[in-house]
Amino acid sequence: YNKQSFMNRPVKGNLFIFLGGSDEQNRDYSRVHSLARRGGTFNWSSLKGARPGDRALIYIAKPHSALVAKAEVMAGAVKTKPGDYYSYRAKTGGFELLPNQVSIQDLKAAFPHWAWLRFPRSKAIVPEKYAERLWSLVHEKQSSIQILISGAGHGKQLFEKMARSARSAF
């Protein structure tokens with residue numbers, strides 16, 4: 001497995017959105033961070049059509065509501081046992097955290113006609129017409145971090161104003 005080639009190659013095969021829960025729900029958010037840090041694989045809930053070499057973007061539901069990581073499907077999806085909450089699971093590995101989480105609002109702005117974004121409650125295949133653009137977006141997203149340097153009095157007032165209005169200032 002060559003992590004560098006996975007990161008740099010164009011999208012071939014399918015690009016999936018795999019859904020995960022917050023730590024309050026099922027600890028998927030921490031699991032993704034752990035897998036990105038230490039490596040390893042996990043049998044992630046997937047769609048029936050997942051095949052080795054397909055890519056997955058991991059979407060963590062509320063309170064994050066964002067794409068937080070990418071991974072690669074290592075083995076084809078297999079039907080789960082009766083009683084499992086998910087119908088199919090695929091061995092998934094090569095987890096990498098995205099440089100910046102891509103929020104549902106950012107996705108809706110970039111892909112206003114993508115139906116999955118109206119109700120992102122399940123895994124999905126990214127439509128072919130959006131796949132390359134989405135793959136680029138998750139790698140090129142700029143940070144929303146702002147740094148404020150100012151004197152204590154004026155700086156505090158400016159910071160409070162920016163927090164109330166959700167706007168930046170120079």
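User: Which residues form one aromatic cluster?
Analyst: Tyr-59, Phe-111, Trp-114, Trp-116 and Tyr-130 form one aromatic cluster. Rings of Phe, Tyr and Trp (its six-membered ring) pair if their centres lie within 6.5 Å; planes under 30 degrees apart count as stacked, over 60 as edge-to-face and the rest as tilted. This is a predicted model, in which local features need pLDDT of at least 70 and side-chain atom pairs count only at pLDDT 80 or more, while totals for chains, interfaces and linings use all residues. Residues are numbered from 1 along each chain as its sequence is written, and side-chain values use heavy atoms, with hydrogens and water left out.

User: How many aromatic pairs are there in the structure?
Analyst: The structure holds eight aromatic pairs. One of them joins Phe-16 and Phe-18, a tilted pair at 5.7 Å centre to centre with 40 degrees between the planes. Trp-114 and Trp-116 also form a tilted pair, with 5.5 Å between centres and 35 degrees between the planes.

User: Is Trp-114 buried or exposed?
Analyst: Trp-114 is buried, because its relative accessible area is 5%; buried means under 20% relative accessible area, exposed over 50%, and partly exposed in between (1.4 Å probe, protein chains only). Trp-116 counts as buried at 11%. Phe-16 and Phe-18 are buried too.

User: Turning to the strands, how many residues of β3 are buried?
Analyst: Six of the six residues in strand β3 (residues 55–60) are buried. Arg-55, Leu-57 and Tyr-59 cover one side, and Ala-56, Ile-58 and Ile-60 are on the other. Helices (H or I, at least four residues) and strands (E, at least two) are DSSP runs, numbered from the N terminus.

User: What does β3 pair with?
Analyst: Six bridges join β3 to strand β1 (residues 15–20), and these two run parallel. Another six join β3 to β4, and that pair runs antiparallel. Two strands pair if DSSP finds at least two bridges between them. Ala-56 of β3 is the bridge partner of Phe-16, and in β4 the partner of Ala-56 is Ala-71. The hairpin of β3 and β4 has five residues between the strands, and Ser-65 there takes a positive phi near 45 degrees.

User: Where is Lys-70, and what does its side chain touch?
Analyst: Lys-70 lies in strand β4 (residues 66–73). Lys-70 counts as buried because its relative accessibility is 1%. Its side chain makes a polar contact with the side chain of His-139 at 2.5 Å. A polar contact is a pair of N or O atoms within 3.5 Å; within protein, one must be able to donate a hydrogen and the other to accept it, and residues adjacent in sequence count only if both atoms are side-chain atoms.

User: What about the largest nonpolar core?
Analyst: The largest nonpolar core has 21 residues, and those with the most contacts inside it include Ile-17, Leu-57, Leu-67 and Leu-134. Helix α4 gives the most to this core, with five residues. Such a core is a set of buried Ala, Val, Leu, Ile, Met, Phe, Trp, Tyr and Cys residues joined through side-chain atoms within 4.5 Å. A second, separate core of 20 residues includes Val-32, Trp-44, Ala-71 and Ala-90.

User: Which residues of α4 are buried?
Analyst: Tyr-130, Ala-131, Leu-134, Trp-135 and Val-138 are buried in α4. An α-helix has 3.6 residues a turn, so residues three or four places apart point the same way.
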